[in-house]
Amino acid sequence: MTARIEENRSHPRLADLLASYHLVNQAEKGTAVEAVAQLPVVYRAEVEDPAAAFAADTVLLATPPGEDLPAGCVVLKAPYEGRAPEIKRLWVAPAARRKGLAKALMAEALRRAAASGAPAVRLTVWNWREEPLALYRALGFETVASWDERPDLVCLEKRFDVIERLTPDAVRAHASAGLAALLVDAVDSGASVGFLAPLESHRAAAWWTRVAEEAEEGARDVWAAHGPDGSLTGVVTLVRGGAANGTHRGEIARLLVHRSARGRGLGYRLLATAEAHAAATGLRLLVLDTQTDSPAERLYRGAGWTAAGTIPDFAADPAGVLRPTTLYYKRLG
């Protein structure tokens, strides 16, 4: 089970979480106070009326599995004056730590920031807060020039992968390198995507060359994600129904994220991009299939897809072992 994430700047529990955050933060800075009333005005305002203080921002709350009340929060500040959105007030109650709440909150905040089209997101953290620093580093944040001159404050930024729709010629151009590498990486990491291991690069490239032909015929759309260094970090394709009675539906196929880019919401962004295009071009139903109990199932369920049923021994995994497959669907509009 995973934490439940919700957006709610008016939740009655939020004030308590923010109060704990600020009181601990003041103590760590050597300026401890005993009560909310003694906090600096700007911080006190957040505790007394979070909905007003964060009216323009996104406030996320995390509730541990099996619990009723949120035990963690984070704020994604809206961008202003051309600056990147900023993550603030990440806090998990001590009794609820080591349950993945901080990571879940950060993943959702990053997903939303990336979905907004922002090229990057930033945050600040005190250099003595070793655990949060380690989490941010693991999520791909890097130290940048300071925009806040307070001593001991570290400024971090994370640049997002850019997702673009590939033309048939672009698919051909990337077939033997980036796209083939994504497919080989997926098979090497155990993903059931239609190939047995080991998958040779030339066979992977040949598959993508056929995809380019389908794209040219209008039967398949392809989107790829480029990392800050220009390398391909993920891909997804949308196959349109070919039968006369199936032109209203499409299939999500080959959603791949390189192992080096996982855990930062890229799979959700690729899926959302394909879904949005499908809806915008008149499709009303999407389907897909994935190996039962695979990590991909968590992504699809979290993105609002519905399981239609499971077929035993449907396909062999890369090692050749027959595995069950679960069929999913999602209505659009």
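This short talk walks through the cores, strands, salt bridges and surface of one predicted protein model.

Hi everyone, and a quick word on ground rules before we look around. The model is predicted, so local features need pLDDT of at least 70 and side-chain atom pairs count only at pLDDT 80 or more, while totals for chains, interfaces and linings use all residues. Residues are numbered from 1 along each chain as its sequence is written, and side-chain values use heavy atoms, with hydrogens and water left out.

Let's start on the inside. A nonpolar core here is a set of buried Ala, Val, Leu, Ile, Met, Phe, Trp, Tyr and Cys residues joined through side-chain atoms within 4.5 Å. Buried means under 20% relative accessible area, exposed means over 50%, and partly exposed is in between, using a 1.4 Å probe and protein chains only. The largest nonpolar core has 29 residues, and those touching the most other members are I87, M106, V121, L123, Y136, F141 and L156. Several elements give two or more residues to this core, including β2 (58–63), α4 (101–115) and β5 (120–126). The top contributor is α4, with 7 residues. When I say helix or strand, I mean DSSP runs numbered from the N terminus: H or I with at least four residues for helices, E with at least two for strands.

Which residues does M106 touch, not counting residues up to four places away in sequence? The list is I87, L90, L123, L135, Y136, L139 and F141. Contact, by the way, means heavy atoms within 4.5 Å.

Now please find strand β10, residues 232–240. Because 7 of its 9 residues are buried, β10 is largely enclosed by the rest of the structure. What about its partners? Two strands pair if DSSP finds at least two bridges between them. Strand β9 (residues 220–226) runs antiparallel to β10, and 7 bridges join them. Across that pairing, W223 stands opposite V236 in β10. The hairpin of β9 and β10 has 5 residues between the strands, and there G230 takes a positive phi near 95°. β10 also pairs with strand β11 (residues 249–257), in the antiparallel sense over 6 bridges. Here V239 has E251 in β11 as its bridge partner. One idea to keep in mind as you look: in a regular strand the side chains alternate between the two faces of the sheet.

Next stop, another hairpin. β13 and strand β14 (residues 322–331) run antiparallel, joined by 7 bridges, and A316 stands opposite L322 in β14. This hairpin has 5 residues between the strands, and G320 takes a positive phi near 95°.

Leaving aside neighbours within four places in sequence, T325 is in contact with several residues, including D289, T292, I311 and F314.

F314 itself lies in β13 (residues 306–316) and is partly exposed, with a relative accessible area of 45%. Together, I311, F314 and L327 make a nonpolar surface patch of about 240 Å². Patches are made of residues with over 30% relative accessible area and no salt bridge; like charges are joined within 9 Å, and nonpolar side chains (Val, Leu, Ile, Met, Phe, Trp, Tyr) within 5 Å. The areas come from the Shrake-Rupley method with a 1.4 Å probe, and for residues only the protein chains shown count as cover.

Finally, salt bridges: a side-chain nitrogen of Lys or Arg within 4 Å of a carboxyl oxygen of Asp or Glu. How many does the structure hold? There are 25. In one of them, E108 pairs with R111, with the closest N and O atoms 2.7 Å apart. Both residues lie in helix α4, 3 residues apart, about one turn of the helix. E108 counts as buried at 15% relative accessibility, whereas R111 is partly exposed, at 25%.

D185 forms a salt bridge with R259, and the closest N and O atoms are 2.7 Å apart. This pair links distant parts of the chain: D185 sits in helix α6 (residues 168–188) and R259 in the loop between β11 and α8 (266–280), 74 residues apart. D185 is buried at 6% relative accessibility, while R259 is partly exposed at 43%. Salt bridges with shared partners also join E7, E108, R111 and R112 into one network.
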